[in-house]
2 protein chains.
Amino acid sequence: MGRKPTGRPTSFDIAYAAGVSQPTVSRALRGDRSVSEKTREKIKQIARDLNYTVDKNASSLRSQRSNTIALLFFEDPTPDESMINPFFLAMLGSITKATADEGLDLLISFQRMEDDWHVRYQDSHRADGLILLGYGDYTQYRERMDQLSRQGTHVARWGSVSSDSSGVTVGTDNVQAGRLAGEHLVEQGRRKIAFLGHADEHYPEFNGRYRGLVSALADAGIEADEGLQFDALTTEEEGFSAARSLIESGREFDAIFAASDLIAIGAMRALAEAGRSVPEDVAIVGFDDIPAASMTTPPLTTVMQDIKRAGQVLVEALLAQIEGRDLPPRKLPGKLIVRGSSVTS
Amino acid sequence: MGRKPTGRPTSFDIAYAAGVSQPTVSRALRGDRSVSEKTREKIKQIARDLNYTVDKNASSLRSQRSNTIALLFFEDPTPDESMINPFFLAMLGSITKATADEGLDLLISFQRMEDDWHVRYQDSHRADGLILLGYGDYTQYRERMDQLSRQGTHVARWGSVSSDSSGVTVGTDNVQAGRLAGEHLVEQGRRKIAFLGHADEHYPEFNGRYRGLVSALADAGIEADEGLQFDALTTEEEGFSAARSLIESGREFDAIFAASDLIAIGAMRALAEAGRSVPEDVAIVGFDDIPAASMTTPPLTTVMQDIKRAGQVLVEALLAQIEGRDLPPRKLPGKLIVRGSSVTS
DNA sequence: AAAACAACAGTGAACGTTCACAGTTTGAAA
DNA sequence: TTTCAAACTGTGAACGTTCACTGTTGTTTT
């Protein structure tokens, strides 16, 4: 019959060997229930014997579904290309796992927003949807996100959860998480708690953490001192210089809540240079629980985001959107990991 | 003409608008030189206006080339899923960049070797070739690798470079790199240098580093003491316990060369607990230059692998193989990064 | 006993490209 | 002028699936 001398077998070859029509092979392997158990098994066996695999391109072309999603990073570009924020790497692991569990393939790209992502990925039918991952001032991307949504691009974003942005968003409940840190420090008897990290609305995640801290203080009857907040992006250097500014400001403080672990690590270096001991003089709490957090001296107390769950929820939300049912934004709770940097023994 | 009510435009729509035939559109956008400059520009403009993108699936199906490669990790599974070896994450960044530069898409998977990779990726035409990344006892995979090669799967592997394994291999010159570490420690006046890491042939990378150390010692007229080698896989815990064993063995040593930074970090913890100071009592050199290496106290001297180059070379080698021209294995030189853990000021 | 319905399998077309080849025009060489 | 190749563009088919129907059984209902 229609067998060709080419190497790779096609569904026609399987069909011929099984004595059925080619579409039946397709149905059988796809698990369509309109194929009898008997012929399905036979077909599967033959497919295995002949080392046959469904051609992904043909399948995607015909069905208009690639079963692939694209993971895009839009982190503020760091000078050192290879230095990716460890938190996102953990997210990457989690998302990889979640997609694999759903039988999806995962494309990744670190390209920046200037590129036309929807064109490159979804419009070209490479992927059925996009997951966006990134810190930074994402407000500049909001318009773009809205545009994507309007064009029918399916997007799930990790980040600050707010109702005003389009597309599905999944993120840690930063306010609750910030409150955790604040409550912990208050419990440790700290009263003058500094915050290192941008706290304005351009950085809604950091902003939420700050608000959580403030509200925890308020609950304890302490008024937050706005002069103890110092801007910092999420790098070790920025943490270092923010802590320097804090120290040089001459203001009194007995604790630091850093908006990220990298900031915290930079701050610890600054404190060490200034001769302030951790946790005796200054208790410190970070955010993210990156691997390095447990390796500092003393080990860093931090707020862990539920990364494992995050990947699942992102993928779940994206799939829902692709299939037409929209899910509401999801907030995941943070969890406090107490280590040596915040408790005096 | 053949325009459909569907949303996405096809090359037919472009062709109609441009007044040419559909294949001409395909040729023009693909950069085929047999289309006149004038019509090409016109077609490109119209394509831009109509927001047209070439359908990846149709293109791949017809041309039998997906312009996609799959990156597969076969690291020894860690209990904690989300904890990926930082070194590989850096490699991931580098490979992402290299593929993007070549206009390739990158699929990634952390699944383990048990799965039929070639079936899942290359045979199904998802990808044109595979890049394999992983530490660990890869000898168990060698047979599998050979099989893949025989089946016509295109594979480039990162790891120990030896001529006996099939497929293209790219890796750091571990012997040279180990020698760098050894020479450095000798220069610092160290004589009794311990090695932490598996040194047998099942771990060819660690083994190469050990051989490099031994040869550097030999060049300096020092005989290596085999009793100072202690097994360790590349985790912080294993580094810690290997260092414990070393200390408890009662043997004298004034330096440690750890086969990886994680091992080194674990070893530093063990040394601290035992009251030995770094670098005064014990100089220590790691391997990989992971981000955490610069954050330890003292900062860790280490051997950096040329990760940026590694990604390029891997992709280059894989493409060559796909296109039928086989490249020889490539060794990349390591580079010593001197920090505080190995020099007494 | 006829009609109606599952359950299953086959037929032809369609998805949107790229490929191989066959035309057409143009300008230069004979 | 005639000839021929180069430079372009068009035609028809092919890549390997999945989709929408149609057809065939065998079983159940009225």
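This is a predicted model: local features need pLDDT of at least 70, side-chain atom pairs count only at pLDDT 80 or more; totals for chains, interfaces and linings use all residues.
## Extent of the interface

The contact involves 44 residues from chain A and 44 residues from chain B. The size of an interface is often expressed as the accessible area lost when the parts come together. Here the area buried between the two chains is about 3,700 Å², and carbon and sulfur atoms give 62% of that area. On the chain B side, the residues that lose the most area to chain A are Asn57(B), Asp105(B) and Met295(B). Together these three account for 16% of what that side buries.

## Polar and charged pairs

Two salt bridges are found across the interface of chain B and chain A. Asp105(B) forms a salt bridge with Arg126(A), and the closest N and O atoms of this pair are 2.4 Å apart.

## Elements on the chain B side

Five elements of chain B are listed as giving two or more residues to the side that touches chain A: α4 (56–63), α5 (86–101), β2 (105–109), α6 (117–123) and α11 (261–273). Of these, α5(B) gives the most, with seven residues. By residue class, the side of chain B that touches chain A divides into 21 nonpolar, 12 polar and 11 charged residues.

## Asp55(A)

Asp55(A) sits in the loop between α3 (37–49) and α4 (56–63) of chain A. Its relative accessibility is 13%, so Asp55(A) counts as buried, the cut-off being under 20%. Leaving out residues up to four places away in sequence, Asp55(A) touches Arg8(A) in chain A and Leu61(B), Ser124(B) and His125(B) in chain B. The side chain of Asp55(A) also reaches the backbone nitrogen of Asn57(A), at 2.8 Å.

## Thr24(B)

Thr24(B) belongs to helix α2 (residues 22–30) of chain B. Thr24(B) counts as buried because its relative accessibility is 15%, and the cut-off for buried is under 20%. The side chain of Thr24(B) makes a polar contact with the side chain of Ser21(B) at 3.0 Å. With neighbours within four places in sequence left aside, Thr24(B) is in contact with Val35(B) and Ile43(B).

Thr24(B) and Asp101(B) are separated by 77 residues in sequence. In space, the C-alpha to C-alpha distance between Thr24(B) and Asp101(B) is 27 Å.

Terms used: Residues are numbered from 1 along each chain as its sequence is written. Chains are lettered from A and ligands numbered from 1 in the order in which they are written. Side-chain values use heavy atoms; hydrogens and water are left out. Helices (H or I, at least four residues) and strands (E, at least two) are DSSP runs, numbered from the N terminus. Buried means under 20% relative accessible area, exposed over 50%, partly exposed in between (1.4 Å probe, protein chains only). Contact means heavy atoms within 4.5 Å. A polar contact is a pair of N or O atoms within 3.5 Å; within protein, one must be able to donate a hydrogen and the other to accept it, and residues adjacent in sequence count only if both atoms are side-chain atoms. Buried area is the accessible area (1.4 Å probe) that two parts lose on being put together, summed over both. A salt bridge is a side-chain nitrogen of Lys or Arg within 4 Å of a carboxyl oxygen of Asp or Glu. Ala, Val, Leu, Ile, Met, Phe, Trp, Tyr, Cys and Pro count as nonpolar, Asp, Glu, Lys and Arg as charged, and the others, Gly among them, as polar.
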